[in-house]
Every structure is written in C-alpha cells, then in structure tokens.
Amino acid sequence: MADACKYITLVSSDGYEFVVLRDAALVSPTIKGMLRSQFTEAQTGRCTFPEFSGVVLEKVAEYFHYWHRNRDREDVPDMEIPVELCLVLVQAADYFNLDARPSLRDPA
Amino acid sequence: MNKEASEFEPCWDILRGALTDIHNKNASQLSFENLYRASYKIVLRKKGQLLYERVKAFEEEWFRVHVLPRIAELVSGNLVSIVLLQMQGPSAHERREMGERFLRGIRSTWEDHNTSMNMIADILMYLERTYTAESKQPSIFAATIGLFRDHILRNSLGSAAEQLGRPFIVFDIVNAVLLDLINMERDGDIIDRNLVRQVTSMLEDLYETDEEFENMKLYLTVFEPLFLKASEVFYRNECEKLLREANASTWLRHTQRRLREEQDRCGTSLSILTTENITHVVEQELIVAKLDDFLAMEGSGMKSMIDNDRHEDLSILYQLISRVDKSKNALKTVLQTRVMELGLDIEQTLKHTDFSAPLAGAAEADDAAEGAEKSKAQPLSAAAQQTAAAIKWVDDVLQLKDKFDDLSTICFGQDLVLQSAVTKSFSEFINLFSRSSEFVSLFIDDSLKRGLKGKSDEDVEIVLQKAIVLLRYLVDRDMFERYYQKHLARRLLHNKSEMHIEKELVRRMRSEMGNHFTAKFEGMFKDMELSKDLAGNYRDHIRNLGDEDTRKIELGIHVLTSNNWPPEVMGRNPAQEGGGRVDCVFPPTIKRLQESFFKYYLKDRSGRILTWVGSAGSADIQCSFPKVPGKGTGPMSKERRYELNVSTYGMIVLMLFNDLPEGESLNFEEIQAKTSIPAQELVRTLGSISIPPRSRVLAKEPLSKNVRATDRFSFNAQFVSKTIKIKAPVISSTSKVEGDDERRETERKNDQTRAHVVDAAIVRIMNVIGVRAGGRGGQ
C-alpha cells in the first residue's frame, strides 16, 4: 500500500509536482484526513490541488519541511515569505487547516 | 446571493453522491480533495448551517431506509422473549448462538456506521473546524455518530414490543444478551469474547448526548450499573451455594479464581474502567458477606488451617482479607484466639504429663517439689521431673512461636498488624501461666549448663535467641530477674557454664530491657573477675612469703558483693532467719587459711567485712584409701588415690573423719554439733557423700535412701571408683522448680520489692506536684 511509502506527491493546478516527506505533510489535518481513509489519494499517494498554483504549493511544501525540521527546536528563524505571496498563502494555510488549533477528532 | 445559492446545490450534489458511495463502501473511486473542496466552498459561502442540516437529514434517512430493517430482522420474537423474560426455552447452547448472532448484527452495523461517519467527518473537516466550533453545536461527527444511539439502541421496534406487552428498546436486548453471555462464561461456557469486547467498546464510544461528556458514556451510564447489579446477584447465589456445599479451602480458591477471572474479563471482554467496581462486588459478595461463616467452618475453617499448617490456604486467606479490611480484624481475632487456646493447651498438657508419668516412689505432683527435697538422690527425682516439665513448657511455647512465625513469614507477608496481635496473645497466655518467669529462667539455666558444651556457635546462637524471645513476652520481669539471679549465681559459683556465653546473653538482655535490669548480673560477673585476680594475687603473695602450708591447700575464692547476689547464695536464707545465721565451724587448717587471706585482703581494703559462706563453695580433696586387707586382687588390693570434689560443707564433714581413728563412726547429731552446719544443709551434704554408689566415701548405717538424724557414718574403706576424679553430686547446684512454699516466699519478696518501687514512685510524683505548687505559691 501507499501507506507504507515514506513520501507523497503534491500536484499543483499547473502540473508541478512536489515530492514531500509523508511525516512532514501530515502537519496539515487536511492532508492527514486525505491519507487516512480509503479515498483515491490514500491509495496512490498523489494529492492534486486544483486551487493552488505551483508557486504557492512550493511554499506550502517548503513550510511542511520547515515545520518538520524545526518541530523540536527553539529560537527558530522565521521562514522567508515573499510579500506578493502573502495573501494567497494565508488562503492556503486556511485550506490546509494550518491554524495550530488541534483537530477535535485527531487520534492521539 | 443568488449566485451563492446556486453554488451550493452543485457542491451538495457532489457530497450527497459521495455520502452514498461511502455508505456503500465505494470510496476508493472518490477524490478526497474534490469532496473537501466542495465542503470548503460551502462553508466559505456561509452555508455551513445548511450543510450541517443536510448531512444530518441524509444520515437519518439512510438509517430509516437501509439500517433499521436489518436490525428489525435481528430482533426476532423468540430472542426477545427468551432474553428479556428469561423464558425457559432452548438449551444454553442455542441461547448463546442466538445472542451472539444478534450481537454480531449490531456489531457489523456499528462498524459500518462508525467507519462511514469517520470518513464523512474527514471530508467535512473544514465545516467541523470553523462552522461547528463557532456555532457551539455538537460536532457533525458527534451528531451523526449519535444517530446510532437514537435510531438503533433507543429504537422501540413497535411490533415486537406489543408482543412482549411492555415497552422495550434495542438497548435492553443488547444489555440482556451481554449479561447472559457473561453469566454463561462464568458457568464455564466458551463465548466469543472478542464480540463482547467490540460491543462494549461501542458503548464506550457512544455518549448519552451529542455533547459527549466524558462521564456520560453509555457504557458507564447504562451498561455498567446493570452489569454490577447482575454480578451481585450471581455472586450472592454462588456464595450461598459454596457455604452449603463446599468447605473453606474450596471457597478460598474459588474466590481467588473469581477475582482473577473478573479482572481478566475487564481486560478482554469489557472495559478496564470496570475493574475496580466489579472487584469490589466480588469482594463484598464472596469475601465479606460470609467471611465469619467460612472462617468458623468445622474441619476446614481457619482453626484447622492453623492446626494443620495449611500455608497455602492461609496465604490466600490473608490476601483476600487484606483486600477488604486493612486492619484484618477477622483474621486477627481468630489468630489471637487460637494462640490463646494453643498456649493454654500447653499448660494443660504439662499438668497432664506430670500426672501420667509419675516416677515410682515419687510424691504426687502437687508436693513433688517438697518431696524432692528429701529424695534428692533418686536418679530422676520429682524435682528433676519438674525441671523437665519446665523445659518442656518452654520448648512447647517456642515451638508454638516458631509455628506462628512461620505463618507470619510464609502466609502473612510479615504483616505488622498481625505480628503484633500474635505477640500480644503470646504474652497474654505466657503471663497467665504463673510460673512463666521461673520456667524461662530454668530453661536458660538448663541450656547453658548442660547443652552448650561442644556445641557450635550456631547452636549457641539459637539458644540465646530463644532466651531473648521468651524474655520479651514476660511481664513480671522483676520476678524473672530474681530467678535469673539465683540461677546465674549457682552457675557462676559452680563453674557450670561458659563465661563468654553468659556475658553475651546478659549483653542482649541489656539491649532488650535496659541497664537497670542487668546491673546486678553484670555486678556478679565483675565480682567473679575480681575474685579470680584476687585469688591469683593471693597465691603469689603466699608463695613469696615462703611459708607454704604443709597441707598445700589451694584457695580459690569468690568475693561477692552482697547486693548483687541473691540472698539465698549469701547464706541469708530467710527460712533460717528466725535462728539468725550460724557460722559453721571450719577445721583449723582451713581457719588458718581464712585468716591469712583476710589479712591479705584488708591490706588494700580496710574496713571491709568478709563473711565465709559455707553453703556456696566447693572443694577438691585428694584422699587415699588404704588397701583392704584380705583382698589379693582387684582394685581394693592396692592403695587408691582419688580426687574428690565436694561442697564446702562436704569438705568440712570429711575433714572430721580424717582425725577419726579407724573403725569408729559418728552419728548425725555428733557431726552437726562439731560443725554447726544447718540441719537441712547437713542432710544434703551427707546424702551426697553417703548415698550415691559413685561417691559413697562414707558408709552409712543403716543403708537407706534417706539421711535421718539417728544415722551413723563411718569412713568407707572399701570405696572403689573407676575414675580418678569423683564429683559428689552437689545438690544445691541443681536448679529446680520451686515448691509451693518457696514460690509463695519468692512472690512475697518480689511484692515487697515492688512495694518499695511503688512507694518511691509515689514520693517522686508527690515531689513534682509539690514543687509546682510551691513555685506557684512563690509567685
């Protein structure tokens, strides 16, 4: 099964593909839900996001790894965000449920 | 607005299709992202409420159309009447099959529902996280999962209920089947534990309301109380049955097994949340309810467990009782009673033994001790018998103690509460026995005197240990002190035991009872040591003087401080108080020696008085028996030299015969007149050297077993002994049980001492009060 695979692929609206660490991507409850049931994404390990362009998805993927790398550290430097991407990234954060509120039903 | 509404319907259509697919297990064709985006859009368009309601309505509809018919099928009329009315129907096997089939149906419905609801909640994640959280409604998951409770468990299934004649819901059947299965398993059937576990965990996942309060799980609010109630009934019946049909030993094991089973059951079939509660039910019903009845069971109850050393039974019993009662009162009471009974048995046995084995010619048990005074020389006199009784008593007590120590270690985990209870009972029965102080001292006396020669350190250690153990129990310690002092004095003066062991024992007594208790004993040891030096120095002194006595008398002397030593030893026997103390007449040679020593003694210590105590010492005498004319062969044909060890009085008496012409004799009164030895002592002394064949250096006329005032004594020229060294039995060193009179005397003296102590204490208290009052007056 794709479950066992260490990496998953994120696909943007304009066809760019980003291979990210599964554990890193799971910071997003949206992706977590996507991968835990029996939907297509869970079986193929490919998640397509028609709402987001490659530029945005790249930043999202970068954030996943940024979070994964620094999750146990303190005094972490801020991630660099280009000003022109700010608005769309806020949207993406909302979509990916990255608002740091723990999901009500997240299994411990 | 219109645009927004028009966007809702297409999105909802996508979602509705997906919900159907999910229920039909066709989700693998669906894209999560697609569905998520649909619900995401709806929520962004502020249609969250509408979506929430649509989903809920969809699920209710789904239940009504697809799920309920399946459930109704499961609930056959038969099942209802059998399970809910407990109608006598098919065999247990069929009943189990039927119940399990029903539960399986419930389980698979639940599993489907649960999986679907999880997936749907995942799709609606954005709704859950934004809209539901803000609108303070139950989450969509809670609302939809709760449908199972409202539409299935709480469904009354109209037609079936009419059949029954009273209202019921599906939940009732679930509970009844679960309890029925559990009871079957308790009776030894094999049931599908996994199934039971899955159904109960379903109950754990469901809550009374959609708010999902942690303590409102259906498992806790509905099932557990029913389960506990049913278990109570089950175990109450079982306990009564055990009481009727089984014995305590079976009961113990059964209860232990049941407790284990119930704990296992909570782990494997129910929930660990119940472990504590069900354990409590079993404890109450199987242990507490009939505890006393089981403990009192004839032949298998606690009495028999103790008597027959059934360690395993007692261990289990201890574990069980510890569960229900931290102070273990039931166990404590029975233990204490049993200790008392067995302790008093020892006393009874003792009496019985005395009566059953009387020695031929010995007096009856009552005045055995007095009789012993006169029949000293008998091989096993009544006194010796009494001593044996004392030792038997001590041995029995120690054995009993060992027994209960074993119980404590093996069965009761050295429980302090029980240990102290048992110790209390021991102390109680030991002190009920009026002679315990004396017997304990006698036991020590006997062990130290006889037993320790050639024994290993471990054996010595055991004896010391025993002595201290017994000592701890004694309440009348002053009585013991009195007896011990007397016995110790005899041992020391007659060199009967090994000094280092004596000292070790006293050292332990001191650490056990304090300095005050052993002060006299230590004083006695000190006297012994000083005396040894003194005797040595004196010997050197004499040798330096150069005028050694021609008779070569070696003087071994014990200078005793009168306070430390018992009055009897110091020659102040109250029995003779009336006549005052009479000094016996020492032979001139001895007299000279005494004066010489006294002079030497006073050189360093002026103002002291030495009193010679004839009754306490002993003497080694070299004596020669001339060859007997007319005997050509055998030992009597040559001169024989023997070394004779006698008491001081014996020596004085024998010296008389030194000066007596051959063939002449002295009678008792003559001897008494010449020596002024007290009559009683003289009887003993003469008895020891004229009655036992091994030390019969004086011939007595007539030859009888007792010494009478009219008897005549002469030098026994025919005396023969196989050994060179002969020891005349020294009567006074045989510690024996006191006669009734003696004991009364001892008690009287003891009471006197106590009176002084009490007086002193009163005066002290008065002084304290007086000082306070005075202080206040001064203010």
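**Chains A and B: a short walk through the model**

In this structure, 24 residues of chain A are in contact with 26 residues of chain B, where contact means heavy atoms within 4.5 Å. Before going on, some ground rules: this is a predicted model, in which local features need pLDDT of at least 70, side-chain atom pairs count only at pLDDT 80 or more, and totals for chains, interfaces and linings use all residues. Residues are numbered from 1 along each chain as its sequence is written, chains are lettered from A and ligands numbered from 1 in the order in which they are written, and side-chain values use heavy atoms, with hydrogens and water left out.

Back to the interface. About 2,100 Å² is buried between chain A and chain B, and carbon and sulfur atoms give 51% of that. Buried area is the accessible area (1.4 Å probe) that two parts lose on being put together, summed over both. How many salt bridges does the rule find across this interface? One. The rule asks for a side-chain nitrogen of Lys or Arg within 4 Å of a carboxyl oxygen of Asp or Glu. A:Arg36 and B:Asp122 meet in a salt bridge through their side chains, at 2.5 Å from N to O.

Next, a piece of chain A. Strand E1 (residues 7–12) and strand E2 (residues 17–21) run antiparallel, joined by five bridges. Strands here are DSSP runs of E, at least two residues long, and helices are runs of H or I, at least four, numbered from the N terminus; two strands pair if DSSP finds at least two bridges between them. A:Ile8 has A:Val20 in E2(A) as its bridge partner. The two strands form a hairpin with four residues between them, and A:Gly15 in the turn has a positive phi of about 90°.

Now chain B, which has 30 helices and six strands. Of its 779 residues, 47% are buried. Buried means under 20% relative accessible area, exposed means over 50%, and partly exposed is in between (1.4 Å probe, protein chains only).

Take B:Arg435, in the loop between helix H20 (416–432) and helix H21 (436–451). Is B:Arg435 buried or exposed? Buried, because its relative accessible area is 14%. B:Arg435 and B:Met479 are 44 residues apart in sequence, and their C-alpha atoms are 9.6 Å apart in space.

Finally, B:Ile762 is in helix H30 (residues 740–778) of chain B. B:Ile762 counts as partly exposed because its relative accessibility is 44%.
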